[in-house]
Amino acid sequence: RMESQRRKTYTCGTICLKYLLLLFNILFWLAGGVVLGVGVWTLVEKSDYISLLNSSFYSASAYILIAAGLIVIVTGIIGCCATLKELKSLLIVYLILLLCIFLLEIIAGVLAYINYQELDEELRQNLKLTMQQKYQQPEEQSITQAVDKLQQEFKCCGSNNFSDWRESVWIQAADNQRLVPDSCCKTPAELCGRRDHPSNIYNIEGGCIMKLEDFILSQLYILGAVGIGIAFLQLVGMMFTFCLYHKLKEDPY
């Protein structure tokens, strides 16, 4: 009778752990979907800004997010199979995958912080030069589109302020009637850039550099928060996986 009660206790404990691990995997899938979505959104919606940076950091981070999201989703599927079928060998594989993803997240977080410091300095050095020398130049359509989108979306004009455009190759051209690009205007229209009065154009302290820095920093904060959330889920998942593995070793029924 004691053996029967013991068997029942083990079985109940195993069932509880299975359901907890399944719940964890659902949350893990959702987290993977969020990471994948952020990566795709970054590439689709914000890819124009990549051409303004002489660095592959921004596009590489988007591809890393997509890859991480897919890995998390695949890992979740392995976890579900291991849990439902009570396969101890697959549980070990799942536990190792969770540990590897956890360690990679820590490494990625450190590298992202270090690279942001370099990216910030690079942005300050190159954005002004890029806008002045490449805007509206032959075979530089991607730069022109990115600058126009940047100025309209962030409501800014010039890298530091609107006066930066006075040194632009395009503005200094003899046949150009504008003082700033039309995308600097609060209400864009053909040749509206002939007036650079603050009532007509965006004139904010810090210019587009400050706005772009704030955007990149906000993205890093979001990614950091999502990363911490996933890391916490992984620690919980590793604990549940280890407990279930231990229970299955004890409970052969």
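**A close look at one loop**

Modeller: Starting at the N terminus, the elements run α-α-α-α-α. That gives 5 helices and 0 strands, where helices (H or I, at least four residues) and strands (E, at least two) are DSSP runs numbered from the N terminus. Keep in mind that this is a predicted model, so local features need pLDDT of at least 70 and side-chain atom pairs count only at pLDDT 80 or more, while totals for chains, interfaces and linings use all residues. Residues are numbered from 1 along each chain as its sequence is written, and side-chain values use heavy atoms, with hydrogens and water left out.

A bit of background before we zoom in. Of the 253 residues, 39% are buried; buried means under 20% relative accessible area, exposed over 50%, and partly exposed in between, with a 1.4 Å probe and protein chains only. As for contacts (heavy atoms within 4.5 Å), take those between residues at least 6 apart in sequence: 71% of them join residues at least 24 apart.

Now to the part I'd pick: the loop between α4 (141-153) and α5 (207-250), with Ser-159 as our way in. Ser-159 counts as buried because its relative accessibility is 1%. What does Ser-159 contact, once its neighbours within four places in sequence are set aside? The list is Leu-127, Lys-128, Met-131, Asp-164, Gly-206, Gly-207, Cys-208 and Ile-209.

Cys-208 in that list brings us to the disulfides. A disulfide is a pair of cysteine sulfur atoms within 2.5 Å, and by this rule there are 3 of them. Cys-156 and Cys-208 make one, with sulfur atoms 2.0 Å apart. The torsion about their S-S bond is about 100 degrees, so this disulfide is right-handed. Because Cys-156 sits in the loop between α4 and α5 while Cys-208 is in helix α5, the pair ties together parts that are 52 residues apart in sequence. Both Cys-156 and Cys-208 are buried.

Cys-157 has a partner too: Cys-184, with the sulfur atoms 2.1 Å apart. The link of Cys-157 and Cys-184 is right-handed as well, at 85 degrees about the S-S bond. Cys-157 and Cys-184 are both in the loop between α4 and α5, yet 27 residues apart, so to speak linking distant parts of the chain. Cys-157 is buried, at 2% relative accessible area, and Cys-184 is buried at 0%.

Next along is Cys-185, which forms a disulfide with Cys-192, their sulfur atoms 2.2 Å apart. With a torsion of about 110 degrees, the disulfide of Cys-185 and Cys-192 is right-handed. Cys-185 counts as buried at 0% relative accessibility, and Cys-192 is buried at 13%. If you count bonded cysteines along the chain, the pattern of the disulfides is 1-6, 2-3, 4-5.

Two rings are described by the distance of their centres and the angle of their planes. Rings of Phe, Tyr and Trp (its six-membered ring) pair if their centres lie within 6.5 Å; planes under 30 degrees apart are stacked, over 60 edge-to-face, and the rest tilted. That rule gives 3 aromatic pairs. One of them joins Tyr-135 and Trp-170, edge-to-face at 5.2 Å centre to centre with 70 degrees between the planes. Tyr-135 belongs to the loop between α3 and α4 and Trp-170 to the loop between α4 and α5, so the pair links distant parts of the chain, 35 residues apart. Tyr-135 is buried at 2% relative accessible area, and Trp-170 is buried at 15%.

Another pair is Phe-154 and Phe-215: their centres are 5.8 Å apart and their planes at 45 degrees, so the pair is tilted. Phe-154 lies in the loop between α4 and α5 and Phe-215 in helix α5, so this pair ties together parts 61 residues apart in sequence. Phe-154 counts as buried at 13% relative accessibility, and Phe-215 does at 10%. Finally, Tyr-135, Trp-165 and Trp-170 form one aromatic cluster.
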